[in-house]
Amino acid sequence: MGGLITPRIIYFMGFLDLLGVSLILPLILPVVNSLGASHITAGCITSLYGAIQLLSSPLAGWWSDGMGRRPVLLVCLLATAMSYVMLGASSSLLIIVIARVIAGVFKHSQTMCRAVLVDITLVQDRSHVFGTFNATSSMGFIVGPMLGVLCWVFIPEKASDQRRVEAKKTPASQPRQSRSFIHDIEWSIFWDVFLVRFFLSFSSLVYRSNFSLLVKENFGASPRVIGYLISFQGIISATAGFLTGRVSKLYQNSSQELFHSSILLCFALLGLTIAPSLPFLLMCLVPLCISTAVIRVSSTAVTIGRCKPSQVGSITGFGQSIASVARMITPLVAGAAQQASLYGPGLIGTLSAAIGATFAGYVSREVKLKEL
């Protein structure tokens, strides 16, 4: 596969993938509401995707470890495309729910692309490659919402041959293996980095869940200003993604890089929470975007560094499911926190980031002790 697929192809696939997501995602709730759904129903439909991803992400990764990246990626792309067609042509809530279920089961192209990048790049180049992939994918989120709004307004594999042969010889054992592969994960090796990924994902998501409403209520920002702020975050995140490779080369230690970026995230969220003015908030968004971009790369590098080659897909998929858990519960937590206090989501996010930074410090310390 490495001779046929280059990182640039994967970068372009990541861009197109998130471009497609961002074309549709901002319009799901308006369409659902236009079909007469209540806010609770709309929230359930939104959470449905994350709930399904919680189970399907590690399964897709395990499948790609055994059957190869290319066929799994192809199936995921075709099924996801079908779900998008269903969403675009839907005129009932039932079709929308079915489309979101299909997307929840098969929308693993980002996970598969990262697994392919692991297969075709050298260890010392992975941080740079992951950073570039995240940056080019994020550019899809910058372009996509604008194109989606325009449409709304103007238009009424890496698996060895031996493993493949073994998989074909034992089809009856596959369901049992797919149910038990989670038990095969060596939790004593991954528990700390999984906790880091959960708390850091939760911290940024809980703040961003109600970002538009927070900025509107706290600073009286218009929809136009809110749109500028969101685009600004996308630009900073994309730029930071391109620079994460240089940061990793400077550190030469992914665990220490993860620890320091976690601390930066903690202070950024604290600054955003107590921001007295819109310019101060804008200034704090910069370290928020930079830290999250670096955390995505360094946490992935730490996780993959502990993986066996035959488990890269399943471990990467399980790591993605951790983010799905955070994504599933943050809307509820953020809504309840903001109802209690305007500063609630930011304070909870800061606390979660502090817990994540504590675990990241533990990870960094353990690595140093092993190197002694």
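This dialogue explains how to read several features of the predicted model.

Student: What should be kept in mind about the numbering and the model?

Tutor: Residues are numbered from 1 along each chain as its sequence is written, and side-chain values use heavy atoms, with hydrogens and water left out. The model is predicted: local features need pLDDT of at least 70, side-chain atom pairs count only at pLDDT 80 or more, and totals for chains, interfaces and linings use all residues.

Student: Which residues does the UniProt annotation "transmembrane region" cover?

Tutor: UniProt positions are given in the numbering used here, feature names are shortened, and annotations may be inferred rather than shown by experiment. The unreviewed entry lists, among others, residues 225-245 and 257-274. In the model, residues 225-245 are 100% helix and 0% strand, with end C-alpha atoms 32 Å apart.

Student: How is a helix such as α12 to be read?

Tutor: Helices (H or I, at least four residues) are DSSP runs numbered from the N terminus. The expected span is 1.5 Å times one less than the number of residues. Helix α12 (residues 254-273) has 20 residues and reaches 28 Å from its first C-alpha to its last, close to the 28 Å expected. Buried means under 20% relative accessible area, with exposed over 50% and partly exposed in between (1.4 Å probe, protein chains only). The buried residues of α12 include L258, L265, L269 and L272.

Student: What surrounds A275?

Tutor: A275 is placed in the loop between α12 and α13 and is buried, with a relative accessible area of 6%. Contact means heavy atoms within 4.5 Å. Leaving aside neighbours within four places in sequence, A275 is in contact with N218, F219, F280 and L281.

Student: How many disulfides does the structure hold?

Tutor: A disulfide is a pair of cysteine sulfur atoms within 2.5 Å, and the structure holds 0. The sulfur of C113 is 9.8 Å from the closest cysteine sulfur, in C76, which is too far for a bond. C113 counts as buried because its relative accessibility is 2%.

Technical notes. Helices (H or I, at least four residues) and strands (E, at least two) are DSSP runs, numbered from the N terminus.
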